[in-house]
Amino acid sequence: MAEIKYEVVEHIGVLSESVKGWKKELNRISWNGNAPKYDIREWAPNREKMGKGVTLSEEEFEALKGLLNQV
């Protein structure tokens, strides 16, 4: 399996934290050198491990914001 490279370009905020210290965060991440995308996923302390997450383009993120404003 190929190594996945990432760079957290912008840390936006923490949504929650588990008792084991994992944090569910909203960040902008550049995956494998590509343009940054919005990303929601859990991270272990010091970001040594990550859980499965959801990555959104700028358009998808704007659509999500619009949907959340309707709730």
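Me: On what basis are the values given, and how are residues numbered?
Reply: This is a predicted model, in which local features need pLDDT of at least 70 and side-chain atom pairs count only at pLDDT 80 or more, while totals for chains, interfaces and linings use all residues. Side-chain values use heavy atoms, with hydrogens and water left out, and residues are numbered from 1 along each chain as its sequence is written.

Me: In what order do the elements of the protein run from the N terminus on?
Reply: The protein has one helix and four strands. Helices (H or I, at least four residues) and strands (E, at least two) are DSSP runs, numbered from the N terminus. The order from the N terminus on is β-β-β-β-α.

Me: What percentage of the residues of the protein count as buried?
Reply: Buried means under 20% relative accessible area, exposed over 50%, and partly exposed in between, with a 1.4 Å probe and protein chains only. The C-alpha atoms fill a box of roughly 35 × 30 × 20 Å along the principal axes. Of the 71 residues, the buried share is 24%.

Me: How many aromatic pairs does a search of the whole structure find?
Reply: Rings of Phe, Tyr and Trp (its six-membered ring) pair if their centres lie within 6.5 Å; planes under 30 degrees apart count as stacked, over 60 as edge-to-face and the rest as tilted. By this criterion, the number of aromatic pairs found in the whole structure is three.

Me: What is the angle between the planes of Tyr6 and Trp31?
Reply: Tyr6 lies in strand 1 (residues 6-17) and Trp31 in strand 2 (residues 23-31), so their pair ties together parts that are 25 residues apart in sequence. Tyr6 is partly exposed at 32% relative accessibility, whereas Trp31 is buried at 15%. The pair is tilted, with centres 5.7 Å apart and an angle between the planes of 45°.

Me: Which residue do ring pairs link with Tyr6 and Trp31 into a cluster?
Reply: Arg47 lies over the face of a ring, at 5.6 Å from the centre of Trp43; a charge sits over a ring if NZ of Lys or CZ of Arg is within 6 Å of the ring centre and within 35 degrees of the ring normal. The residue that ring pairs link with Tyr6 and Trp31 is Trp43.

Me: What is the centre-to-centre distance of Tyr38 and Phe61?
Reply: Tyr38 lies in strand 3 (residues 37-43) and Phe61 in helix 1, so the pair ties together parts that are 23 residues apart in sequence. Tyr38 is buried at 11% relative accessible area, and Phe61 is buried at 13%. The pair is stacked, with 10° between the planes and a centre-to-centre distance of 3.7 Å.

Me: Which residue lies over the face of Tyr38?
Reply: Glu60, in helix 1 (residues 58-70), is 9.0 Å from Tyr38, C-alpha to C-alpha, and 22 residues away in sequence. The residue over the face of Tyr38, at 5.1 Å from the ring centre, is Arg28.

Me: What is the phi of Asn46?
Reply: Asn46 is in the loop between strand 3 and strand 4 (50-56), and Asn46 is exposed, with a relative accessible area of 78%. Arg47 in that loop has a positive phi near 55°. Asn46 is not a glycine, yet its phi is positive, at about 65°.
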